[in-house]
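I opened this notebook to keep a record of what I looked up, one topic at a time.

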Amino acid sequence: MGTDIGDLLKKRPVELPDLTARVVAIDAYNTLYQFLSIIRQRDGTPLKDSSGNITSHLSGILYRMTNLVEAGVKPVFVFDGKPPELKSGTIEKRSQIRESAKIKATEAREKGLAEEAYKYAQASSKVDATIVEDSKKLLDAMGIPFVDAPSEGEAQAAYMVRKGDADLIGSQDYDSLLFGAPSVVRNLTVSGKRKLPGKNIYVDVKPEIIDLEESLAELGISHEQLIDLALCVGTDYNKGLEKVGPKTALKLVKEHGSIENILDAKETDIDRLESIKQFFTDPPVSDDYELKWKKPENETVIDLLCTEHDFSNARVTKALERLEASSGGGQSTLDKWF
């Protein structure tokens, strides 16, 4: 998902204690997708309750967000609103990929190919309306605020950081930088040991920060040229140029100066180019939100997770005890944090 420009960007590792008392605007759909993809059983099946409802995302929110709050981080989830018409092609393509992956996962499972089944099952993950609704209920009960964006969540999150209401964006994608986010933290909710695809090798995945200005300075380009570079590679709103990867795109931007000059030189075009560029520089955003962190409503959390979705009462209670005891910023009580 998003644009594939990560290899060009300057990243620096960061530890959770370094983010104490920092407000992180989390790309909700991106994070929920990560939870749905990663939190699975050995055969690739997502966690489910006795009624067959998927619960991987709820497990991710409860335990990963408790870890963040315990470290003093102040998370706020930013949910996508209505997708732009520019994204319709990407949405349709992703739907087709999910359906194909779902079929392949079933076939692999029937053949006893566990690793293949797991890989395709991950690719079939989908964030639907029920998952979003349950996620918001749990976040609210845990005392973690969320914001509904009018369109793309990353655009709204970038606006919140530029406005000073948040310090960083939490996302695995790089689109936030195209929307002008000053800083992005990756691997915040998915850190830990991860198995490399197709290999019996595990690697440490740790949080890392990308600073927009540092990356632009190192690349020797402007923010507008970073958008042009991404357009060459491909974004959620355009296919990209044939046989042009990130390094070639950077070379083209430096040689020709702009996407328009690149297209002229290659005698090609990008459909709705001006509309896409304008969407990155001036996307729909909203000031209609309030960031307020509250104490968790323990009974509501237990009712949602344990009564409705068969979570272990003992494990949920233990997580809530950690959440209540968490201080943030080194304070001794939740009241001092909030």
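The entries below go through aromatic rings, salt bridges, surface charge, backbone angles and a few distances.

**Entry 1: ground rules.** I noted that this is a predicted model, in which local features need pLDDT of at least 70 and side-chain atom pairs count only at pLDDT 80 or more, while totals for chains, interfaces and linings use all residues. Residues are numbered from 1 along each chain as its sequence is written, and side-chain values use heavy atoms, with hydrogens and water left out.

**Entry 2: aromatic rings.** I asked first how many aromatic pairs the structure holds. The structure holds 7 aromatic pairs, where rings of Phe, Tyr and Trp (its six-membered ring) pair if their centres lie within 6.5 Å, and planes under 30 degrees apart count as stacked, over 60 as edge-to-face and the rest as tilted. I looked up Y29 and F79, an edge-to-face pair with 6.3 Å from centre to centre and 80 degrees between the planes. Y29 belongs to helix α1 (residues 28-38) and F79 to strand β3 (residues 74-79), so this pair ties together parts that are 50 residues apart in sequence. For these elements I use DSSP runs numbered from the N terminus, with helices (H or I) of at least four residues and strands (E) of at least two.

Y29 counts as partly exposed because its relative accessibility is 26%, whereas F79 counts as buried because its value is 0%. F79 also pairs with F77, and this pair is tilted, with 6.3 Å between the centres and 35 degrees between the planes. Both F77 and F79 are buried.

**Entry 3: salt bridges.** I counted a salt bridge wherever a side-chain nitrogen of Lys or Arg lies within 4 Å of a carboxyl oxygen of Asp or Glu, and by this rule the count comes to 17. One of them joins E152 to K87, with the closest N and O atoms 3.1 Å apart. This pair links distant parts of the chain, since E152 sits in the loop between β4 (146-148) and α6 (153-163) and K87 in the loop between β3 and α3, 65 residues apart. Are E152 and K87 buried or exposed? E152 counts as buried because its relative accessibility is 6%, and K87 is buried with a relative accessible area of 9%. I also found that K87, R94, E152 and D236 are linked in a network of salt bridges.

Next I looked at K277 and D228, whose closest N and O atoms are 3.3 Å apart in their salt bridge. Here too distant parts of the chain are linked, K277 being in helix α12 (residues 273-281) and D228 in helix α9 (residues 223-233), 49 residues apart. K277 is buried, and so is D228.

My last pair was E133 with K137, a salt bridge whose closest N and O atoms are 3.7 Å apart. These two are separated by about one helical turn because they are 4 residues apart in helix α5. E133 counts as partly exposed at 45% relative accessibility, and K137 counts as partly exposed at 40%.

**Entry 4: backbone angles.** I noted as background that most residues other than glycine have a negative phi. E267 has a phi near 55 degrees, a positive value in a residue other than glycine. E267 is found in the loop between α11 (259-266) and α12, and it counts as exposed because its relative accessibility is 74%. D310 likewise is not a glycine, yet it has a positive phi of about 65 degrees. I located D310 in the loop between α13 (298-307) and α14 (313-325), where it counts as partly exposed at 42% relative accessibility.

**Entry 5: two distances.** I91 is found in helix α3 (residues 88-110), and the C-alpha atoms of I91 and L62, 29 residues apart along the chain, are separated by 28 Å. Q41 is found in the loop between α1 and α2 (56-70), and Q41 and S56 are 15 residues apart in sequence and 9.8 Å apart in space, C-alpha to C-alpha.

Technical notes. Buried < 20%, exposed > 50% of the residue type's maximum accessible area, 1.4 Å probe, protein only.
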